[in-house]
Amino acid sequence: MGNRITSLFKIKYPIIQAGMIWCSGWELASSVSNAGGLGIIGAGSMYPEVLDEQILKCKAETSKPFAVNLPMLYPEIDKHIDTLIKHKVPIVFTSAGNPKTWTKHFQDHGIVVVHVVSSVKFALKAEAAGADAIVAEGFEAGGHNGRDETTTLCLIPMVAQAIKIPLIAAGGIGTGRTMLATMTLGADAVHIGSRFVASEESSAHINFKNSVIEAKEGDTQLTLKEITPVRLMKNTFYKQVSDAYANGASIEDLKTLLGKGRAKKGMFEGDLEEGELEIGQISGLIHEIKPAKTIVDEILDEYREAIAENTTEKYNF
Ligand code: NDP
């Protein structure tokens, strides 16, 4: 039993925990992999020696496959790439860059490459570059996102029609029902971020985890499109950004306002006012911090429950 993604990654369930800067270290990645999904270490916020240590700890904690997310705009990318190859990390999720640059290099070292995109155009580019699978991420997703605002509901069936390689859906998924919905639309697996931020094993600051479980519908916004589009919680920093827009801020003004290290300040150090709090719209549906294994199990239970319901009167007409 299995589908294209469980076979490609050699995992039990097509549930992938997204790589998230400051939130997904070895504790979370190994827990999700041990629960039968695929855990991802988010390398974007890690200095080279930190990534090295995180991979060793992850390997000590799980014998199951795990992955690393490598944003291609990372300043010391060559060092990260050497580390991934040295440790024979089985799967790499590349994002925020051109998939042509590194895909073949990783594959030549036996590494499976998945590229993250937010449009049909870039899905086709990733396929042409030889990626083994893609993640298509809709407008609902937290953190860095596409400019076109295509929702997961529209993006997944369009990408599914356009490409032949396996497709992983992201954005707005955090429950078994949202998993089934996107699998029905053509995805082979789901990529879940926000729900795992609110896990016991996530390295996010407890203040940030608590703000995620308190979030309601409408509490996040996609902004800063002129720099890198990002979905944030509407806190004091977000208010400063929207005031800057109202006052006709230039790109330089926005860059100055953002400064350096905002994401660390908010998500890792717990400054809920001045920090950048990257989270998805699905946060309005997350109400408790739980162990990662419980999250995986609950998603699977709800997925199976929703499948069973498909035989009921509601669906038969
Ligand atoms: P900033 O430029 O505001 O801050 C850089 C942060 O990354 C600092 O907090 C720093 O930690 C940490 N860091 C880790 N390794 C390095 C390094 N080699 N050189 C400099 N800083 C490093 O960036 P953001 O916080 O907005 O983003 C952090 C990272 O996230 C980016 O470097 C990028 O790789 C990644 N990113 C990922 C995206 C994606 O699509 N997944 C999109 C955009 C960014 P410290 O404070 O301890 O020095």
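Buried area is the accessible area (1.4 Å probe) that two parts lose on being put together, summed over both. The views below show a predicted model, in which local features need pLDDT of at least 70 and side-chain atom pairs count only at pLDDT 80 or more, while totals for chains, interfaces and linings use all residues. Residues are numbered from 1 along each chain as its sequence is written, and side-chain values use heavy atoms, with hydrogens and water left out.

View 1. The protein chain is divided into domain 1 (4-204 + 285-305) and domain 2 (213-281), with bounds that come from an automatic or database domain assignment. Their C-alpha centres lie 23 Å apart, and the two domains bury about 1800 Å² between them, 59% of it on carbon and sulfur atoms. On the side of domain 1, the residues that lose the most area to domain 2 are Trp-22, His-144 and Arg-147, which together account for 32% of what that side buries. In terms of contact (heavy atoms within 4.5 Å), 22 residues of domain 1 meet 17 residues of domain 2.

View 2. Strand E7 (143-144) and helix H9 (194-197) are the elements that give two or more residues to the side of domain 1 that touches domain 2; helices (H or I, at least four residues) and strands (E, at least two) are DSSP runs, numbered from the N terminus. The rule finds 1 salt bridge across this interface, a salt bridge being a side-chain nitrogen of Lys or Arg within 4 Å of a carboxyl oxygen of Asp or Glu. Lys-225 forms a salt bridge with Glu-149, and the closest N and O atoms of this pair are 2.7 Å apart.

**View 3. Surroundings of the ligand.** The ligand is surrounded by 18 residues, the closest being Tyr-47, Tyr-74, Glu-76, Gly-261 and Lys-264, where a residue counts if one of its heavy atoms lies within 4 Å. Oxygen atoms of the ligand lie 2.6 Å from a polar side-chain atom of Tyr-47 and 2.8 Å from a polar side-chain atom of Lys-264.

Key. A polar contact is a pair of N or O atoms within 3.5 Å; within protein, one must be able to donate a hydrogen and the other to accept it, and residues adjacent in sequence count only if both atoms are side-chain atoms.
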